[in-house]
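Subject: Structure handover

Hi there,

Here is the structure I promised to pass on.

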Amino acid sequence: MGMNQTITVIPPGVPLTGHVSPPGSKSITNRALLLAALAKGTSHLRGALKSDDTRHMSNALRQMGVTIDEPDDTSFVVTSSGHLEAPKDALFLGNAGTAVRFLTAAVCTVNGSVTLDGDHYMQKRPIGPLLEALRKGGLNAESATGCPPVVVHGTGSITATRFEIDGGLSSQYVSALLMVAACGDAPIEVALTGKEIGARGYIDLTIACMRAFGAEVEVLDDALWRVAPTGYTACDYQIEPDASAATYLWAAEALTAGKIDLGVAGEAFTQPDAKAMEVIAQFPKMPAVINGSQMQDAIPTLAVLAAFNETPVRFVDLANLRVKECDRVQALHDGLNQVRPGLASVEGDDLLVASDPSLAGTSSNALINTHSDHRIAMCFALAGLKVTGVRIQDPECVGKTYPGYWRALEFLGVKLVHGEV
Ligand SMILES: O=C(O)C1=C[C@@H](OP(=O)(O)O)[C@@H](O)[C@H](O)C1
Ligand SMILES: C=C(OP(=O)(O)O)C(=O)O
């Protein structure tokens, strides 16, 4: 499989019904793996995601002396001395934003030099603000381009008492600093500067996970946190299913008027993208304006759903989507216009989806350039449930966060045709 491979989704013509569980949360798995690696002793992580992103995180931690066993498809058993050792080779982290950002801060605890690199997509994803914050905190972290590769020279201790971070481009910078802050020599304040950050819910996830591993985090106000120098304590940790993955199943259900049992109630999710459920439940009467800032990874799902809505939808506050695995505003625009010319337009960072309920049942010759972005592949498969002829390029890219995605659709009765371009 690769860039030349395609999957064509055959519209099922019937409501999709059945039981399909989304995999474990990527965001929580990568936080828990890191915190378990920073804790002395053995932690059992259950309900975890096994995918490219969590493989990159776990392999990097193994390179730094942490033992990670995988007794089954959804568990990691992490045994650590509580300290990360300098790795012999560079850490290769693919296109895993969480792994790159969280580890860039965490490896400041290493006594020695660490190089963190990713694939050519990752080498275009900005990390400058995080490096700047670490440097102002007295740490030595640099990159020639403002993107990976990053080189960190650690002394084995963190003497900073305050980190200041502009999280306007990515909330992951803030999460990264909060998590490493518990490993400081003294209490560390983490303060937001600059613009409002995107999905605050990811900061809540970070703090919840830190507390589960024994950290003490005080929320002083909505732009300031104080983290005590407790380090982390090993624990047994249950990871909830992935809310972003759930959005595709919720949307598939709405589009086909089906009934898909995810085995978990929407209200049970603590991840930001669970907010999309309320919007999906309104289909085909979705709101005229949808703000993407607090559920950014769900926007591709909602944008494709909007194409079948009764009325047009304007997606606003999407600047952050331009620095994801690809420029998602552009990729959604291009893909929707492949499905039917005129379906989408872009104004600044807003995406306007023209919407047309009569799109369902039509044919197209759409070839979706996914740019190897898992979310672009997964969301356009939804268009294929209603429009004949939608071909998704590089379908294996779903392995970043949802390796079982195509199997899940097949399990629900969707026929997929494999081909090549
Ligand atoms: O903290 C996290 O787990 C994530 C935060 C978000 O990134 P940004 O903060 O860069 O928007 C999100 O898009 C990403 O998939 C996961
Ligand atoms: C943006 C994403 O991932 P990350 O930033 O963790 O690479 C995503 O999963 O949609």
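Let me start with the loops: Pro-149 is in the one between strand S8 (140–142) and strand S9 (150–155), where strands (E, at least two residues) and helices (H or I, at least four residues) are DSSP runs numbered from the N terminus. Pro-149 is joined to Pro-148 by a cis peptide bond, with omega about 5 degrees. Phe-283 and Pro-284 are also linked by a cis peptide bond, with omega about 5 degrees, and Pro-284 lies in the loop between helix H8 (276–281) and strand S17 (289–291).

A word on conventions: this is a predicted model, in which local features need pLDDT of at least 70 and side-chain atom pairs count only at pLDDT 80 or more, while totals for chains, interfaces and linings use all residues. Residues are numbered from 1 along each chain as its sequence is written, chains are lettered from A and ligands numbered from 1 in the order in which they are written, and side-chain values use heavy atoms, leaving out hydrogens and water.

Now to ligand 2. Its shell has 14 residues, of which Lys-26, Gly-97, Arg-125, Arg-375 and Lys-400 come nearest; a residue is near if one of its heavy atoms lies within 4 Å. Among the polar contacts (pairs of N or O atoms within 3.5 Å), the side chain of Lys-26 has an N or O atom 2.7 Å from an oxygen atom of ligand 2, and a polar side-chain atom of Lys-400 is 2.8 Å from an oxygen atom of the ligand. The protein covers 99% of the 290 Å² of accessible area that ligand 2 has on its own (Shrake-Rupley method, 1.4 Å probe). Domain 1 (5–23 + 241–420) and domain 2 (26–238) both give residues to this shell, so ligand 2 lies between them; the domain bounds come from an automatic or database assignment.

Ligand 1 has 13 residues around it, and Ser-27, Ser-170, Ser-171, Asp-297 and Lys-324 come nearest. An oxygen atom of ligand 1 is 2.6 Å from an N or O atom in the Ser-27 side chain, and another such pair, with the side chain of Asn-320, is at 2.8 Å. Here the protein covers 96% of the ligand's 390 Å² of accessible area on its own. Helix H1 (26–37) gives the most to the shell of ligand 1, with three residues, and each of the two domains supplies at least three.

Happy to hear your thoughts!

Best wishes

Note on methods:
A polar contact is a pair of N or O atoms within 3.5 Å; within protein, one must be able to donate a hydrogen and the other to accept it, and residues adjacent in sequence count only if both atoms are side-chain atoms.
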